[in-house]
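Biologist: I would like to learn how to read helix contacts and salt bridges. Please take me through an example.

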Amino acid sequence: MTGPVASLNTAWFAWIGLLWTGYFVLKGFDFGVGVLSLPLGRDDLDRRLCRNAIGPFWDGNEVWLIVAAGATFAAFPVWYASMFSGFYLALFIVLVALIVRGVSFEFRGKRDSARWRAGWDVALAVTSLVPAFGWGLAFTDLVHGLPLSSAGLYLGSFGGLLAPVAIVGGLASLTVFLAHGATFLALKTAGPLAVRARRAAAWLSPLGGALVAGTAVWLEVSGSHGPGGLGGTVPVVLAVAAALVFAASGPLAAAGRAGLAFGLTALGIVALTAAVFTALFPRVMVSSGPGPALTIWSAASAHQTLLVMTVVAAIFVPLVLAYQGWSYWVFRQRLTRPAEAPAAPAPVPHK
């Protein structure tokens with residue numbers, strides 16, 4: 001392939017798609033475990049096991065979001081500006097949730113109080129739910145289309161982001177992350193907590209697949225995403241494949257094949273993210289009018305900037321990948337609930 005389609009603009013659009021894919025695969029189970037720590041954790045020890053399952057990974061997983069945002073800012077500054085003008089309040093809510101979520105990991109054990117710990121457990125669940133829903137809503141809006149000015153700025157209000165199809169897309173991403181988190185928890189833990197996680201994954205995975213398929217069909221039938229993309233076939237095929245993969249993951253989780261089930265949910269998220277970015281390409285934001293859609297050419301930085309970024313990414317990205325792979329290898333052991341401490345022996349009466 002030659003010409004503009006094979007340019008650095010296309011390469012950086014694909015690279016940003018890969019960064020979001022890594023974020024959703026890794027942060028997806030992180031969010032899912034956070035939400036499920038309340039309904040699956042029967043007591044304080046179970047909820048602590050849930051935290052320990054994602055404790056070594058959650059902050060490292062955030063790197064993918066930071067790099068994706070930084071790459072968007074540098075490679076497609078007009079896209080970055082338009083998204084922040086349109087999603088400002090939504091992104092602010094997600095950012096606050098992520099900050100409080102990080103604080104919950106640090107503060108939960110600072111006081112020996114059951115009420116204190118319970119409060120931070122609720123905070124973890126809520127602040128995991130908000131971004132898990134919010135990212136699905138935002139990316140569905142990008143494909144669905146938003147009112148843009150001739151300069152590419154969002155013309156609507158916060159309420160305009162809450163289109164019915166976008167809400168269903170948010171529910172789809174939330175359910176998908178819950179299923180991904182349940183399979184991870186079944187893989188990472190043992191005992192009664194793992195059993196409950198397998199049961200949750202068995203019904204969450206097919207439900208997530210059904211919501212993904214429903215969102216994709218809704219977007220395709222409505223035609224609201226407008227002309228200019230690769231066409232409906234490739235994104236719909238990818239979305240349907242993701243739905244089928246999630247449907248297949250549920251029975252495997254129920255049968256105790258947690259590793260294979262987790263691999264399938266990860267593969268499903270990869271296919272789903274690919275469906276979003278192929279539906280967008282070569283656009284980065286679909287416009288419902290009056291202005292035109294933003295494309296990888298109209299929103300991009302200068303060629304020289306993209307060239308310098310490519311060299312920097314080629315040097316540092318392998319280092320980040322090596323570190324993350326090492327951390328997952330080091331903390332690969334299953335977590336088990338410790339045996340209850342034996343009761344103190346009764347005193348022997350003196351004769």
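**Helix contact and salt bridges**

Modeller: In α2, Asp 44, Arg 47 and Arg 51 meet Arg 117, Trp 120, Asp 121 and Leu 124 of α6. Contact means heavy atoms within 4.5 Å. Helices (H or I, at least four residues) are DSSP runs, numbered from the N terminus. This is a predicted model: local features need pLDDT of at least 70, side-chain atom pairs count only at pLDDT 80 or more, and totals for chains, interfaces and linings use all residues. Residues are numbered from 1 along each chain as its sequence is written, and side-chain values use heavy atoms, with hydrogens and water left out.

Biologist: At what angle do the axes of α2 and α6 cross?

Modeller: Two packed helices are described by the angle between their axes and the distance between the axes. Here the axes of α2 and α6 cross at roughly 45° and come within 11 Å. That makes α2 oblique to α6. (Angles under 35 degrees count as roughly parallel, over 145 as roughly antiparallel, 65 to 115 as roughly perpendicular and the rest as oblique.)

Biologist: How many salt bridges does the structure hold?

Modeller: Side chains of opposite charge can pair when their charged atoms come close. The structure holds 10 salt bridges (a side-chain nitrogen of Lys or Arg within 4 Å of a carboxyl oxygen of Asp or Glu). One of them joins Arg 47 to Asp 121, with the closest N and O atoms 3.0 Å apart. Arg 47 lies in α2 and Asp 121 in α6 (residues 114-144), so the pair ties together parts 74 residues apart in sequence.

Biologist: Is Arg 47 buried or exposed?

Modeller: Arg 47 counts as buried, at 17% relative accessibility. Asp 121 is buried too, at 3%. Buried means under 20% relative accessible area, exposed over 50%, partly exposed in between (1.4 Å probe, protein chains only).

Biologist: Which residues are linked with Arg 47 and Asp 121 in a network of salt bridges?

Modeller: Asp 44, Arg 51, Arg 108, Asp 112 and Arg 117 are linked with them.

Biologist: What does Asp 46 form a salt bridge with?

Modeller: Asp 46 pairs with Arg 196, the closest N and O atoms being 2.6 Å apart. Asp 46 lies in α2 (residues 44-54) and Arg 196 in α8 (residues 192-222), so this pair ties together parts 150 residues apart in sequence. Both Asp 46 and Arg 196 are buried.

How values were computed. Helix = DSSP H or I, 4+ residues; strand = E, 2+ residues; numbered from the N terminus. Axes fitted to C-alpha atoms, helices over the stretch in contact; angles between N-to-C directions.
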